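This briefing covers charged pairs, a helix and a pocket. Please consult the sequence and the model alongside the text.

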Amino acid sequence: MEAPHDRHPDRAAAPEAPLAVLVLQTAAALENLAVASYTSAARLPCVERGSAQLRALVSRNLAHHHSHARTFNQAVTRAGGAQQHAADTRYAATVARRLAGTTDPASLVDLLAELEDVNAQTCTRFATLADGADLRALLVNVASVEAQHGSELLIVRTLLDGGHAEPGATPAAARAVPAAAGTAGIPQAAYPTADASAIDEGRVR
């Protein structure tokens with residue numbers, strides 16, 4: 001996802017807070033962005049009047065992101081830092097602008113898949129930097145959920161491209177599902193981290 005002030009985590013400014021605090025605040029900021037984005041997405045006409053599958057996906061992913069944000073903020077408190085309740089400022093304006101102009105399911109799915117990818121890449125990257133088994137396990141667990149969200153969205157996008165609002169709505173529709181739906185959700189063998197957020201991107205200032 002394009003965003004201003006692009007920076008790689010390895011080029012982050014020298015942290016003033018402990019690494020665990022910065023990592024958790026940034027992870028929480030991205031989850032807050034996901035919560036805001038899915039909340040807005042749920043209110044779009046293309047979701048409210050669209051397929052039951054897309055509504056269910058948006059609702060379930062929103063609940064997951066609420067849970068992740070709460071978990072990261074509980075962890076940052078235990079690490080001695082301030083909780084982060086704001087959305088990630090790097091992407092917030094861009095995402096809000098794109099959501100405001102979204103009228104079709106395909107565009108929405110593209111945007112949500114990009115968000116999930118950034119979250120998954122960031123948690124994956126941070127898991128390699130964090131000290132402590134508990135923090136690493138938390139980041140890996142959340143990364144796996146975000147990657148699953150992204151995979152499902154990529155499959156939905158493939159179905160939409162094939163003219164399917166829902167997979168298997170009828171036996172005939174199930175037989176007509178494009179073969180690409182079987183691999184669309186796993187576009188890479190190892191999860192990349194080049195688009196991970198900078199460590200201090202979500203710092204509470």
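**The largest pocket**

The largest pocket is lined by Ala113, Glu114, Asp117, Ala147, Gly150, Ser151, Leu154, Gly185, Ile186, Pro187, Gln188 and Tyr191. Two elements, α5 and α6 (133-161), each give two or more residues to that lining. This is a predicted model, in which local features need pLDDT of at least 70 and side-chain atom pairs count only at pLDDT 80 or more, while totals for chains, interfaces and linings use all residues. Residues are numbered from 1 along each chain as its sequence is written, and side-chain values use heavy atoms, with hydrogens and water left out.

**Pocket details**

- The space in the largest pocket is about 200 Å³.
- With four residues, α6 gives the most to the lining of the largest pocket.
- The lining comprises six nonpolar, four polar and two charged residues, with Gly counted as polar.
- A pocket here is an open set of points on a 1 Å grid over the protein atoms alone, where a 1.4 Å probe fits, with protein on both sides within 12 Å along at least five of seven lines; lining residues have an atom within 4 Å of a point.

**Helix α5**

- Helix α5 (residues 105-129) has 25 residues and spans 36 Å from its first C-alpha to its last, close to the 36 Å expected at 1.5 Å a residue; the expected span is 1.5 Å times one less than the number of residues.
- Helices are DSSP runs (H or I, at least four residues) numbered from the N terminus.
- The N-terminal end of α5 is capped by Asp104, with a side-chain oxygen 3.3 Å from the backbone nitrogen of Ala106.

**Salt bridges**

- A salt bridge is a side-chain nitrogen of Lys or Arg within 4 Å of a carboxyl oxygen of Asp or Glu, and by this rule the count comes to six.
- Glu152 and Arg60 form a salt bridge, their closest N and O atoms being 2.4 Å apart. This pair links distant parts of the chain, with Glu152 in helix α6 and Arg60 in helix α3, 92 residues apart.
- Arg90 and Glu201 meet through their side chains in a salt bridge (3.3 Å, N to O). Arg90 lies in the loop between α3 and α4, and Glu201 in the segment after α7 (171-175), 111 residues away.
- Arg90 and Glu201 are both buried, buried meaning under 20% relative accessible area, exposed over 50% and partly exposed in between (1.4 Å probe, protein chains only).
- Arg90 counts as buried because its relative accessibility is 9%.
- Asp110 pairs with Arg157 in a salt bridge, the closest N and O atoms being 2.7 Å apart. Asp110 is in helix α5 and Arg157 in helix α6, 47 residues apart.

Terms used. Polar contact = N/O pair within 3.5 Å; in protein donor to acceptor, adjacent residues only side chain to side chain. Points joined across faces, edges and corners; volume = space filled by probe spheres on them.
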